[in-house]
Amino acid sequence: MNESINIPWLVGSLVAAIAFVALNASMLVWLERKVAGHIQRRIGPKEVGPFGLFQSFADGLKLMSKQLIVPECSDRILFKVAPLLVMVPAIMSFVVIPFSENLVARNINIGLLVIFAFASVNVLGLLLGGWGSANKYAVISGARAVSQNVAYEIPMLVTVVTMIMVTQTMNLNEIVLQQPDIFHWYIFRLNASPLMPVAFLIFFVCSMAETNRAPFDLGEAESELVAGFHTEYAGMGFGLFFLGEYANVFIGCSLATILFLGGWQSPFGVFPGVWWFLLKVYTLIFVVMWARWTFPRTTLYGLLNLSWKILIPISLFNLVLTGVMLKVF
Amino acid sequence: MDIIEELQNRFGPDGITPQATRDAIPTLWIAPDLVPGVLGYLKGQAERPYRMLYDLTAIDERVRVHRDGQPAGDFTLVYHLLSFERNEDLRLKVALGEDRLAAKSVISLWPSANWYEREAWDMFGIAFEGHPRLSRILMPPHWQGHPLRKDHPARATDMEPFTLSEEKEELEEQALRFRPEEWGIAKSVDGKEVLFLNLGPQHPGTHGPFRIVVELDGEEIVDAFLDIGFHHRGAEKMGERQSWHTYIPYTDRVDYLGGIMNNFAYLLAVEQLAGIEVPDRGKLIRIMMAELFRISNHLVWYGTFVMDVGAMSPVFFTFNDRERLFAIVKAVCGARMHPNWFRIGGVAEDLPRGWEGLVRDFLAYLPRRLKEYDRMVLKNRLFKARTQGIGAITLEEAVEWGVTGPNLRACDFEWDFRKKRPYGGYDQLEFDVPTAERGDCYARALVRVEEIRQSLRIIGQCLDHMPDGPYKSRHPLATPPLKGRTMHDIETLIDHFLGVSWGPVVPAGECFHAIEATKGSNGYYLISDGGVIPYRVRIRTPSFAHVQMLPLMSRGFMIPDLMAIIGSIDFVMGDVDR
């Protein structure tokens, strides 16, 4: 791609990204409710539109028509900034995600780095939202979210560094191009490291934990902390946290797809394109939802133990092993 | 040597006078100054000691007519002790004059006395010397008067018209404020402010309106302070203005998940007082319905407990199963949660045609589901990690704090009133009493799940062996009487007329009956003054004792563990506050 900035393309892409995030989130909410419904032997939404498809739009309208109540004792600025800190980085991450070979807003060489740079801002939003609310539940939740994010960022980044060593690039599109069919997907490249499937698992688990999804949803554990960091948020304040969460789930799953499952490439080497990418991502998202409606919540200690005692050692070992394999072969 | 002689030999015959009651429980009047000594002896030194303070309550005796042979006094304090070794109860009464309504606190003997004494103070105004925090427990702190006294109005129409002025509203608001200094704890330690986290009265994890304030160090619970009474509906006071018959629907709502089970405890006491024997068919219908409600309660508990530890789906499954169960209840009773179905002397109606099919389908259906839940919940590693070793109590602690039911059996102690003191026909049925070791949240879960299976076994036997015959006694006090013969002989017509217009006149006397209810031991202590309404209704509920243990169970754990503990002990606030 040419290196000079194509302003109309970028603006158009950003608008498209925002539209996609909103649309995607509303569809994911619908999907989540349907998945939850069927797992729980219910029907789920069915009244608004065909199969209840427009339910999320109705909910969105309701949220938008509600007053944004700012609690009296809260830090007004932080309180209002926090949802944006969750939402804006999530949208910015979409800029570098290759939906297909050409469908990418900015195909830059450090795409992977950009995503992680933006992803690490997310936790700041949760912390400030919790702190700014001046609510004890929210503060506890914010503290939980930070310790959780820090703990899981390490194995995740170690795994990503391993992947960079293997792929030798941070350009997401190039990574995808290296995986033309199912035998070249990095999850099955056992000659690069025999632990590749494990690395995928670590990455996936970490991305679930990073996005505060069950069974790692300690931050918004509703039976304990009411709603966690967004307890005090009403209307679209809450809505933005909600959108941000789904956007982050999407980004986590698309990164897993790009790094391990061949991105927009077809498993058979024919008809590559955006549909493959979406299919893979939504399959992963379905797994995320499936886990949420199946497992109990972990405890904070259980969560941190998993990270520090299991995931980090394994991912470090994998890093060393991969380095050795690269050197030897 | 029975316990009465033993006490009289030791403490002298003057201060200890036996009293006859309708139940077989030995009842003794004790001189006030002997109380700490006698209680200490019974708990500690007596052979086969009375280790549990089962209940502590009071009676306002001032307008009672039938008190022959009882010592004079305006109020009576009643200690109800339970000995597991003897399988016997003991009731100790202390007469108190209106001029000096005070007694020595027995918290040093039984920590569970704390709430019971506060309740006696709240309801009757009896002061307990040496109590660390004698304050209102069920009524709001600014309440005037003591509700269970006979001169306190029971109806809103007996009181001034209600108005809510701004000052009053402010007062109510202030009454809800948590003030650490009232509990004798510092607001800051070493210059650092202590974090108090308030959960409730409205909180998704508290299972009904009650409040826990936890003192936190990080997320670790240093101590917990409980505030109950938000669900208080004056069930005991209502008993004093409803006829023996019309009080039955009120009992349904005490443990509102137990439904019919509450009818059972109340009516067994009434029938014992009136001397009514229930016919076999009536007995078995009662047992079958009661066990259905035990399953219903345990299903709700199962789902909500798992939801408390964060799994969102099982609650829908168990509620779904409960709906199938309610189909049977609806077919039999016409209502779901509060069927108000038992009557004095039997049940309201005979079983409907086709009930066998409904019950048989359910018996075939539920075991499969339970197996699935075992795989989904009890064998789930995350669930185990969340519940094993959490909130454990020892058997000694459980007995000290008055714990009964599944929570007691989770401490590896086989004690079930259905087995130990078979009532209402349970001696005819085969079932096991499940127990578990370790007394933690997981053990409590294991016991309850196994109890569902045992209840299914009992229901199966009821189904196979349901006898023919009347479903209600022909005793004249059975209410409403069997209609069949009213138009044929005048005696039955008169009984019917009196029973329906006045309500049955139950002979004067006292009686207590305990059952193995859904959550533990539920008991009704009834006093009749020979009228159509009870003179005093005391409801001993299991949850009251269990909830009181929460601080002990949760100290040193974290907030998520507190939720697991709350879920695991299975209480409803209706059962705590009555």
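Predicted model: local features only at pLDDT ≥ 70, side-chain atom pairs only at ≥ 80, totals over all residues.
Ring pairs join B:W301, B:Y302, B:F305, B:F317, B:Y373, B:F383 and B:Y442 into one cluster.

**Aromatic pairs**

Over all chains, the structure holds 42 aromatic pairs. In one of these, the ring centres of A:F203 and A:F260 are 5.9 Å apart and the planes stand at 50 degrees, so the pair is classed as tilted. This pair links distant parts of chain A, with A:F203 in helix α7 (residues 196–210) and A:F260 in helix α9 (residues 235–260), 57 residues apart. A:F203 is buried, with a relative accessible area of 0%, and A:F260 is likewise buried, with a value of 0%.

Which geometry do B:W415 and B:F417 adopt? Their ring centres are 6.0 Å apart and their planes lie at 90 degrees, so the pair is edge-to-face. Both B:W415 and B:F417 are buried.

**Salt bridges**

The search of the whole structure returns 46 salt bridges over all chains.

| Residue | Partner | N to O distance |
|---|---|---|
| B:D89 | B:R421 | 2.8 Å |
| B:K150 | B:E240 | 3.1 Å |
| B:R294 | B:E291 | 3.0 Å |

The salt bridge between the side chains of B:D89 and B:R421 has an N to O distance of 2.8 Å. It links distant parts of the chain: B:D89 belongs to strand β5 (residues 88–96), whereas B:R421 sits in the loop between α14 (417–420) and α15 (441–464), 332 residues apart. B:D89 has 6% relative accessibility and counts as buried, while B:R421, with a relative accessible area of 22%, is partly exposed.

For B:K150 and B:E240, the closest N and O atoms are 3.1 Å apart. B:K150 is partly exposed at 26% relative accessibility, and B:E240 is buried with a relative accessible area of 12%.

B:R294 is buried, with a relative accessible area of 1%, and B:E291 counts as buried at 0%. Both residues belong to a network of salt bridges that also links B:R409, B:D416, B:R418, B:E451 and B:E516.

**Chain B as a whole**

The secondary structure of chain B consists of 20 helices and 17 strands. Why does the radius of gyration of chain B agree with that of a compact globule? With 578 residues, such a globule would have a radius near 25 Å, and chain B has 24 Å. Along the principal axes, the C-alpha atoms fill a box of roughly 85 × 60 × 60 Å.

Of the 578 residues, 61% count as buried. Among contacts between residues at least 6 apart in sequence, 69% join residues at least 24 apart. Chain B exposes about 22100 Å², of which carbon and sulfur atoms supply 51%.

B:L493 counts as partly exposed, because its relative accessibility is 35%.

**A buried asparagine in chain A**

A:N122 is part of helix α4 (residues 111–132) of chain A. Is A:N122 buried or exposed? A:N122 is buried, with a relative accessible area of 7%. Leaving aside residues up to four places away in sequence, A:N122 touches A:L85, A:V86, A:E210 and A:N248. The C-alpha atoms of A:N122 and A:L218 are separated by 16 Å, the two residues being 96 apart along the chain.

Conventions: Residues numbered from 1 in each chain as written. Chains lettered and ligands numbered in written order. Heavy atoms only, no water. Buried < 20%, exposed > 50% of the residue type's maximum accessible area, 1.4 Å probe, protein only. Helix = DSSP H or I, 4+ residues; strand = E, 2+ residues; numbered from the N terminus. Rg over C-alpha atoms; globule rule 2.2 N^0.38 Å. Contact = heavy atoms within 4.5 Å. Areas by Shrake-Rupley, 256 points an atom, 1.4 Å probe, with all protein chains shown as cover. Salt bridge = Lys/Arg side-chain N within 4 Å of Asp/Glu carboxyl O. Phe/Tyr/Trp six-rings, centres within 6.5 Å; stacked < 30°, edge-to-face > 60°.
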